[in-house]
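Please look over the sequence and the structure below before reading on. The report then takes up a few topics in turn.

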Amino acid sequence: MSYFDHTSNDNTPFAGGFSHGGATSLLESGDSIGKFDVAKNKAYSSYSHGFSTKHMREKGGQGPPDKPRGFLASPITFFAAFSLWVAALVAVYMAFEKYPDPLARILILSAGGWASLLFSYVSKYQRRDFFRDLSLSTILGTLMGAVIVALTSYNTPINFAAFTGGFAFIATLLAVILKERYLLTIANMATLSWTAYSLQYLQTQEYYWAFPALLVVQIALAIELRAKIPLALASLSGLFWLVTNLIILTLAVKISLLMAICAVFVVGLTYSRFGKSMQDNQIFSGLFQTNIGWVFAITGALLLQDYWLMTAPRLPWSNLSALSVFEYPLSAQWIAFVLICFGIIGLMSLFRLRANRQTLLGGIGIVGFSTVLPLSIIFKPQILQMVAPLNIAATPAIGLCIGGAVTGLALGMLANGLRRGKPSMILLALITLSIEAIIVMDSVYAEPDNLMLFGFSVLVMSLTAGLYAHNGQMRDLETSHA
Amino acid sequence: MPDTQSATIRVKPYILVGVFLTLLPLLMVFYHAQRMVIGTIVRLPVHVKAINAAQLDLTKFGANYRLTTPLNSIDTHMVTGQNSFSPNTPIYVFLSPGPNDIWYAYSISKLPPQHGCQLTSCLVLKGRIQAVNGHYISVRYQYEDFAAPPHTAKKLRDMTANNSELVLSIGANGRAVLRALILDGENIAQPKILIPELLGLTHNIASPAPAR
């Protein structure tokens, strides 16, 4: 019975793989498998060479497109476009040498941009990737050159952050219009520079709120083009942006350090659920996004665990302000943000529930787990008050419980990674377990009884996770029988 | 034989990008020209200083001169409004004409003025606090970094007396744009295009600010 070998609720590929007309090789790097995925892989191969799926349909989806033919495919056309492009670049150079009039310079730069566009089109048609990328560079160069001429000649200098931010937006827009990975990669790099500038000067940029929208567009385009490097760069930018702004807000005492860590945790968990949904729907990079979210969430959880393990004052926790969560200038915004993340996690669980990929208990468990850490920070005085009559020290007991939960989740991830044959999951789980061991070691050495509490937490979390996974499998079996 | 490949790489996106890269810088120029024409004109004394290579702020493209006016340094004890500021925050400076047609800051605020105020007699300049030194704040308004073209740079180098003035055009949103420099009595206007004037747009002369 082959269906016993496969658990569908975690999107594990079949061990034997599919063979849809030789499509197996295309699926090696993907996270999922199926008819939809094969179709997307075909679409990708057409994108990578600049040919539309329409053409592939005309070809019956068989093999690469024909060799270019006709006037546009002729070497003479290429040479003419190349000559025009070189002439336009020489004209741009001459404009800067001979014509001080800014309007003339702008118009000549625009003409250079048009010549580059033509050269890019011909290069793409003839599948000359190097020249296509070169001409795309000059399109961006002439556009930004014209913008700089307009800014400096009319005396409206802008700062570096505004320039790189604007450049990132323009490059993303061009990448969306032309569906070019190269432009997307450049846009990613500009976005990273923009964020790095904020970190260097520890200042929130004027248009920082526009960043998430830019990131969403970049990630969506990277997924559409199945471009791994831009996707990784976009995710890195997002991580960088989040951490940078949290550092700035913490240093400006707008939020506390613990609030910032909680924000990292809930964002990570939310992102991880997005990734899980992407895996469910067999969307490219689902596992990658889940892993990124996992890294965020576990980093937040481990830091909060370290805070709750503190029995004697030590850095950095001993320097924390005595203010409660509700007394910071951005308390209301932070609470609203955390609630929105909880809502999204709940919504994702609801979608999985409707698609029979999750049980109600599992959904409630995930939302409940996501709320525990932020609530432990918000209601810390009340928790201490509640625990006092039980003759239990809240620290490190709560820290050990968090550690147990993290260990249980990491063990689950390790087992799942081994079963699915995913090195990234195994590696992340092992790293998490190693860090956890380092964090919890001091506490266990100082008080061997703590080992019991820690072990009990690991057991409870592992059993819960195991039960949840088993329940999911049973539901899948029932669904497949039905 | 029909060229089937030409249909597979669409031409429209390329044309769209071409139109975009032509229009964007032209719209920027037009927007700037419009700001120069329709704003309220204010004259201020200015100190012009060349930025040497060591001082060159690489974050400002092409700027080679720094224009400093009295409004760049504000004594918060001498004006009404708030008195607690931190760097890199926006600030609104309310202006009032003083002796010799020179404008002074009479109030500062972290919040933009009411819409009604802008429509009537307020003249407000939007800036950003660069540094706070005791009760003095250093403010930048965006016009300070000056990219002098070669002929203007020559005049600036040859300038003898330091009795220069700058002419600003301040929009309703408080954004200022440099309209001209008056060096040794010679008016050096910023390059401009005539389109806004052809469209019938015109500037205002600043009306007196309300009493304190």
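The sections below cover confidence, helices, the nonpolar core and strand pairing.

## Confidence in chain A

This is a predicted model. Chain A has a mean pLDDT of 76, and 72% of its residues reach 70 or more. Within chain A, helix H4 (residues 102–125) has the highest confidence, with a mean of 90. Helix H1 (residues 35–48) of chain A has the lowest, with a mean of 47.

Over residues 1–38 of chain A the pLDDT stays under 50, and the model has 44 contacts beyond four places in sequence for them. Residues 40–61 of chain A are also below 50, with 27 contacts beyond near neighbours in sequence. Where pLDDT is low, the predicted coordinates should not be read in detail.

## Chain B in outline

Chain B contains four helices and 14 strands. Of its 212 residues, 25% are buried.

Helix H11 (residues 286–309) of chain A has 24 residues, so at 1.5 Å a residue it should span 34 Å. The C-alpha atoms at its ends are 34 Å apart, which agrees. H11(A) is mostly covered, with 21 of its 24 residues buried.

The same reasoning applies to helix H1 (residues 12–38) of chain B: its 27 residues should span 39 Å at 1.5 Å a residue, and its end C-alpha atoms are 37 Å apart, which agrees. The buried residues of H1(B) include Val17(B), Leu21(B), Pro25(B) and Val29(B). Also among them is a run from His32(B) through Ala33(B), Gln34(B), Arg35(B) and Met36(B) to Val37(B).

## The nonpolar core

The largest nonpolar core has 143 residues. Helix H10 (residues 257–280) of chain A gives the largest share of this core, 14 residues. In soluble globular proteins, nonpolar side chains tend to be buried together.

The residues with the most contacts inside the core are Ala171(A), Cys262(A), Phe265(A) and Val93(B). Beyond its neighbours within four places in sequence, Cys262(A) is in contact with Gly300(A), Val338(A), Leu373(A), Pro374(A) and Ile377(A).

## Strand pairing in chain B

Which strands pair with strand E6 (residues 90–97) of chain B? One is strand E8 (residues 124–133) of chain B, in the antiparallel sense over five bridges. In this pairing, Tyr92(B) stands opposite Lys126(B) in E8(B).

Another is strand E7 (residues 103–109) of chain B, which pairs with E6(B) in the antiparallel sense over six bridges. Here Ser96(B) stands opposite Tyr104(B) in E7(B).

Conventions:
Residues numbered from 1 in each chain as written. Chains lettered and ligands numbered in written order. Predicted model: local features only at pLDDT ≥ 70, side-chain atom pairs only at ≥ 80, totals over all residues. Helix = DSSP H or I, 4+ residues; strand = E, 2+ residues; numbered from the N terminus. Expected span 1.5 Å × (residues − 1). Buried ≥ 20, exposed ≤ 12 C-beta atoms within 10 Å, placed from the backbone. pLDDT = per-residue confidence, 0-100. Contact = placed C-beta atoms within 7 Å. Core = buried A, V, L, I, M, F, W, Y, C linked by C-beta atoms within 7 Å. Pairing = 2+ DSSP bridges.
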